[in-house]
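Opening my notebook on a new structure today. I'll jot down what I look up as I go.

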Amino acid sequence: MSLSHGAAPVSPTAEGSPLPDTPAAPAPPGEVLAALTGPSAPYLVGVRHHAPSLAAAVPALLDAAEPEVLLVELPAEMQRWLPWLGHEETRAPVALAAVPADGSGGGGPAFYPFADFSPELAAVRWATRRGVEVIACDLPLADPAWAWGRRAGEGRTGGPRLAAALRARLTGRAGDDLWDRLVEATAPGSPPEALRRAALLTGWALREDAAASGGVPELDLRRERWMRARLAEATAHGQRAAVVVGAFHAPALVGQEAGQKHGGEAGVGEAGVGEAGTAAGAGLPAWTTSLIPYTYALLDERSGYPAGIRDPQWQDMVLHAAGDPAALTEALTRAAVRVCGELRSLGHPSGPADAREITRLASDLARLRGLPAAGRGELVEAVQAVLAQGEPYGRGRAVARAMERVLVGTRGGRPAPRAPRSGLAPATEAMLTAAGARGVTPAQAAEGVLRERRRLEREEGGPTAAQALEGLRQAAQCGLAGLADERLGEVADVLPRTGTLPELLAGLALLDRLRAGHVPGLGTESGREARAAAAAEPLTAAAVRQVDGLTGSEDPADARALLELSSRADLLGGIRLSGALARLSADGSHLMRGAAAAVRVLLGHEDARALGDRVASWVDGAADPGSRTALTARLGGLLTAAGPLLEAAPPALEPLLDRVTELPDRDFLDRLPALRGGFDTLSPAARDRLLAAVEERLGTTRVADTGGVDPAALAAWAEADLTARETLRSWGLPPGPDGAPAKDAREDAALGPAPGAPAAGGAAPPAAPSVPPAGDRLLAPAESRPATAVTARAGPPWAAVSSASAVDGPGRARTSPAVTGTAVPRRGSR
């Protein structure tokens, strides 16, 4: 008789997928327990993959059973690694990993983590010490049934929910861990056999719930048929067998079905397992396996590992208590003391009195619930009540970080030093080690990495605005919907309070992408779109509020952010933004005055021609070092918006271009460092637009051509020649074309007599080097690479525009690598 709804025979469909026959009615619990533990059944140890109390009891249970063969719930491909898994030098936590040998990646990689508190590991270690044969009895990973997923099979509907009823009688909490309440919490002081029976009965109850909710998944039914076949092979000659299997599957391994073959299971169902751990003889694809390190932080279910357990370090404490109530109470006290110590290290007051109160309250809760000792649930409730003091934020977050440090732990494991390599390619083995240390699948590995970063951020008091924003971006790009939603909540909470204007605008841009579904890997969901839209409103309002905070800023990034904010002004800015820009334009730093003036013109708050006239006055008034420094900053802020201004409001820049063209030589050279510093702000695209505007104004092309001469050298030559010219003129030299001393003040526009002109005494001077006149306006960088410049040699001269300043300070040209060691030519001499 079968004790499981899913244990009935199956028949293949036309497509080859099994479908269960009509399930049998459930047996009474007493009859179930008798069948599961009776002498005719194999010795079953129903487990949860991480169960410390049961792991502590497994050696005693197997000593009593004295099996000659041990079957454990692991895929057949893992057979070759079982001796190394149980090796005395293997330090847990570790994980068995597998990947398709053909490199296709289909269905893989797969991971099976183990800790000291894993009952399967305890059983394998026992068998290794006793010399008992161990068989990996689960369905091979190469079987195509793994691709079916956990589709529910046929079963009863509308039946009783045993797990729900039991949970309601325990604590009444809807999310309570039924295994923890029925097995782990009742384990202290119980003999091993009582613990085994409680585990088997709990697994049966969970299976009844699955059957009543639509049926046991088809994959589980397939796996159980394979397990029954392996059990039959192992006991074919009368060997005593013990089976360590998930308690959910244990009912399917007893009764008439154990050891029988069922229709439709020929071929793949009977494949053997070779030395390499691959399904042999059935034409199935091979899997390559490995034993890799793992960590406690990743065993915790909050890391993304679906079969994980909460607070692995606490589970290790329970394991070492070995079912002794007094030892478990001592572990509870140690944990409480350590939590208080960690909280104190985070800057919150906590001491021995708090630790005593946590221990007392947890023990009282255990007595009220009829438990022999306090478990993890009582500890967590007591810590929250005593230390958090009702604060979900602030102190509450600090308490959560302290608990995480103490109860999760940082332990890492390693395989035995002499364990063989897996045979994987080095890159694949490295990938498995890295991914296996973070999760079971690539998606879970990515989530494990990102959650670990988030945990560290919170441990340090964060996340900061930048961390929350980057975390949301990474979670969205990895397609992790759950983590993305959590990070979205952090962005909505943290950025409006602590974000800078650039961070707020970056957040708004990311929210726009989320709302539009433009993040690859993360689909659009109406709920997420609504949350992103709701988060955008406080971010935009906070960005507008930040404008007043930019008054003293000298950061070009703030000027660029102010320009970006103007594009959102029509959505949520209004009068508040208009007033803030007016104040910033009048009272801000020189940089922000220029940026605010440009934004006001773009928004229509100020006339473009009025701004142009004001900019021209900046140039005219730059007559001393202080005003030239201010000119650099103001132009830097203004030209942040050069591209939009050229497109939407050209009159705002035309007076500036006119001034650069019309300034007398000495005035221009005095202002050259300040002008060049302001033009450094231009982006490459804005520089191209400005050059095009200059070419159009001059009616020429190729204004950026300097003839191969470094613009820094041209600037230095022009400065030196003008100085020499003024000196010679003070001596009445050089002569004018008619032989008389030059008297016209506008001779500034020429740096000397034309080549070949007669000099004093009638002799023709030697030809002078070709040097551009001082009237050529040179704004270019001193860089080792050829610089882009604008040198108008015909018509009205104008300035070069490039990416870096060539002048260290007012009136001093910085020599670039192109002119190092080069003499500056002059047109005249003494």
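I started with the largest nonpolar core, which has 46 residues in this predicted model. I looked up which members touch the most others there, and got Leu 472, Leu 511, Val 547 and Leu 562. Then I checked which elements give two or more residues to this core: they are α17 (465-477), α18 (481-498), α19 (501-516), α20 (526-546), α21 (556-566), α23 (574-587) and α24 (590-602).

How many strands form it, and in what order? I got four, running β3-β8-β4-β7, in an open sheet with parallel pairing. At the edges sit β3 (43-47) and β7 (133-138), each pairing on one side only.

I zoomed in on one pair: β4 (residues 69-75) and β8 (residues 241-246) are parallel and share four bridges. Leu 70 has Ala 242 in β8 as its bridge partner.

Last, I asked which helices pack on this sheet, and wrote down two. Helix α4 (residues 119-130) touches β3, β4, β7 and β8, and its direction makes about 140° with that of β4. Helix α8 (residues 218-234) touches β4, β7 and β8, with about 155° between its direction and that of β7.

Key: Residues numbered from 1 in each chain as written. Predicted model: local features only at pLDDT ≥ 70, side-chain atom pairs only at ≥ 80, totals over all residues. Heavy atoms only, no water. Pairing = 2+ DSSP bridges. Contact = heavy atoms within 4.5 Å. Axes fitted to C-alpha atoms, helices over the stretch in contact; angles between N-to-C directions. Core = buried A, V, L, I, M, F, W, Y, C linked by side-chain atoms within 4.5 Å. Buried < 20%, exposed > 50% of the residue type's maximum accessible area, 1.4 Å probe, protein only.
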